Amino acid sequence: MNLNQLHYFVTLAHMEHFTKAAEELDITQPSLSHAMTTLEQELGTKLFQKQGRGVSLTKYGQIFLKYAEESLRILDMGVRKTKEMTGQTGGVIDLAYIYTLGSEFVPRLVGDFLRAHEELSIRFHFTVGNTSEILAGLKDEKYDVAFCSMAEKEPQIEFTPIATERLVLVVPKGHPLSQQKNGVSLEEAATYPQVFFTKSSGLRPVIDHLFEQAKIRPRIAYEIEEDSSMAGLIAQNFGIGIMPDIPVLRTLNVDILPLNLPKHRRYVYMALCRNHYHPPVVDKFIKYVENSISL
């Protein structure tokens, strides 16, 4: 059974005449007859019966017609939806990004992109998560583009640095380290219990590496995945933490201190799956992001 047979069947069912249906379909009458005979053989029943000079549906043809029409309707809807999502002048972009980018970076970037392409009809679907979840979704084609940390041993993924984040030490308001406005060393920070990112976070290896370089073993009191939740724990004296300098910190009962680190930059990357097809609007967005990079 194929789509042509279903289309021929529905047309003949409505026109009830082989010659007229063949003309409507722009095929020969023998081709239509052969297609219907093959369809009936596959279904194991008669779909049409002679009615004067034309034909009419049998009881079983009437039953099959409902399903054939519904199948063609759903397929047509799928075709229209796919064209809408992947067209030259519009479509949908599935974008995933890490938590730290949600309050400023992504809204600003996407807003600027939409304003620069007002002639296009583009919608974004947003997903927030940690780097490991995002990369898994990218490889499963749930997302078109991702903004996250770089991960090792990901040959399928192409990483392009697009932004930097400043790492700071966050402590509860009035903490003993709060007076050190000119900066705190890792050695000084390590004397206090730490709130750390979980191992699934893209920032965890970055912060682990900082302590490893300094040959310091931090005292990890709590682990959490998301940045604003980490800041909330710190504000309630669960410990101190190294994290990106995100806007929400200024709304909480914490002090934000610079870190005295060796030359270090925390990069955020645009991640794309190699050799995956990108619709035109996704390509436009990727190029826009690449042209917006100013590191």
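Here is a short walk through a few residues and their partners. This is a predicted model, where local features need pLDDT of at least 70, side-chain atom pairs count only at pLDDT 80 or more, and totals for chains, interfaces and linings use all residues. Residues are numbered from 1 along each chain as its sequence is written, and side-chain values use heavy atoms, with hydrogens and water left out.

Start by selecting L32, in helix α3 (residues 29-43); helices are DSSP runs of H or I, at least four residues, and strands are runs of E, at least two, numbered from the N terminus. L32 is buried, at 0% relative accessible area (buried is under 20%, exposed over 50%, partly exposed in between, with a 1.4 Å probe and protein chains only). Show its contacts (heavy atoms within 4.5 Å): beyond neighbours within four places in sequence, they include Y8, L12 and F18.

Next, salt bridges: a side-chain nitrogen of Lys or Arg within 4 Å of a carboxyl oxygen of Asp or Glu. The count is 10.

Pick R115 and D112, whose closest N and O atoms are 2.8 Å apart. Both sit in helix α5 (residues 105-116), about one turn from each other. R115 is exposed at 54%, while D112 is partly exposed at 31%.

Now jump to K173 and D255, paired at 3.2 Å, N to O. K173 is in the loop between β7 (167-172) and β8 (184-185) and D255 is in strand β12 (residues 254-260), so this pair ties together parts 82 residues apart in sequence. D255 is buried, at 9%.
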